[in-house]
Amino acid sequence: MASTSKLSRGIKKASRSHMYHRRGLWAIKAKHGGSFPKAEKPAAAAEPKFYPADDVKPRKPSTRKPNPTKLRSTITPGTVLILLAGRFMGKRVVFLKQLKSGLLLVTGPFKVNGVPVRRVNQTYVIATSTKVDISGVNVEKFDDKYFAREKKKKSKKTEGELFDTEKEATKDLPQFKKDDQKTLDAELLKAIEAVPDLKTYLGARFSLRDGDKPHEMVF
Amino acid sequence: MPFKRFVEIGRVALVNYGKDYGRLVVIVDVVDQNRALVDAPDMVRCQMNFKRLSLTDIKIDIKRVPKKSTLIKAMEEADVKGKWENSSWGKKLIVQKRRAALNDFDRFKVMLAKIKRGGAVRQELAKLKKATA
């Protein structure tokens, strides 16, 4: 609508009938057969049974996806790592590859220091600058599923057998895992024995002695 | 006890504090009671408080505030680097730097070598003891 001019505050220049004509309602009425078209009211929704006390927005599930774990730049395949926690605390092991879960695949080798092929978290590890040649080693078959726990079969026990711990399945390493360890370490040992003193180095545990300043030590 | 090392133009000093810690510099001028103008082949000439300098025995023959090329020539003629690295002070610093840069594997090898040396010494001692017994 064009602007309406006014004589004074609250007093328009055009009269009611003049304004009616200007607005063109008569044309719309003529177009729709005499009466102004009434918009259809949307069907009234059924009254909800329950009104919550507070106006709370419904929570949307997060669409954030976690990033793959970043591997420290000092850790490359073949690096000697020092384990800092767990059963093999202080042991020096060889890093093989990073698994999809972000954990590091390491091995002693088993014959050298008793550490089997194992997964280890990056944060519990010191990376040394010593590298072992790992090109001849095949680590394709090791992934997170290889290390998954075996599901225990639940068998019903009678009252007498409930306290009978002997009958529980013994946790023994399957033979194929032992063979995998052997084949993995065979190649690795060749590379290790090529470097003098490296085998004894991997067999020894790391520890701090008097006077050691770990923040100043180069690893 | 008279002083043997003097602050003079041409005195080689070791920086013992600050950004240039461990650098060998030459005193090329004295600014005032506390500060010297100091220069080295791989450094921009700057002033330093005497407290930051440890004087060495080495002195080179230069005039007050020489050009960089003159300074480098004079340092090579006096063989500052050679004299420093053969002095016991210089040798100690080199060993300290080498030890600080040792790898974990290197430290392990050093330990093995020390044990081996100790064993050899003890064996000889035992032989000598047996001979005199």
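## A salt bridge within chain B

B:Arg64 forms a salt bridge with B:Asp29, with 3D positions that put the closest N and O atoms 2.8 Å apart. A salt bridge here is a side-chain nitrogen of Lys or Arg within 4 Å of a carboxyl oxygen of Asp or Glu. The pair ties together distant parts of the chain, 35 residues apart. B:Arg64 sits in the loop between β5 (53-59) and α1 (68-78) of chain B, and B:Asp29 in strand β2 (residues 24-30) of chain B. Helices (H or I, at least four residues) and strands (E, at least two) are DSSP runs, numbered from the N terminus. Over all chains, the search finds 17 salt bridges.

## Basis of the model

This is a predicted model: local features need pLDDT of at least 70, side-chain atom pairs count only at pLDDT 80 or more, and totals for chains, interfaces and linings use all residues. Residues are numbered from 1 along each chain as its sequence is written, chains are lettered from A and ligands numbered from 1 in the order in which they are written, and side-chain values use heavy atoms, with hydrogens and water left out.

## The interface of chains A and B

In chain B, 11 residues are in contact (heavy atoms within 4.5 Å) with 17 residues of chain A. The two chains bury about 980 Å² between them, 56% of it on carbon and sulfur atoms. Buried area is the accessible area (1.4 Å probe) that two parts lose on being put together, summed over both. B:Asp104, B:Phe105 and B:Phe108 supply 54% of the area that chain B buries against chain A, more than any other three residues.

The rule finds one salt bridge across this interface. A:Arg92 pairs with B:Asp104 in a salt bridge, the closest N and O atoms being 3.1 Å apart. On the chain B side, helix α4 (residues 104-132) gives the largest share, seven residues. That side divides into seven nonpolar, one polar and three charged residues. Ala, Val, Leu, Ile, Met, Phe, Trp, Tyr, Cys and Pro count as nonpolar, Asp, Glu, Lys and Arg as charged, and the others, Gly among them, as polar.

## Backbone features

A cis peptide bond joins A:Gly108 and A:Pro109, with omega about 0°. A:Pro109 lies in the loop between β5 (104-107) and α3 (110-113) of chain A.

B:Val65 is not a glycine, yet has a positive phi of about 50°. B:Val65 is placed in the loop between β5 and α1 of chain B.
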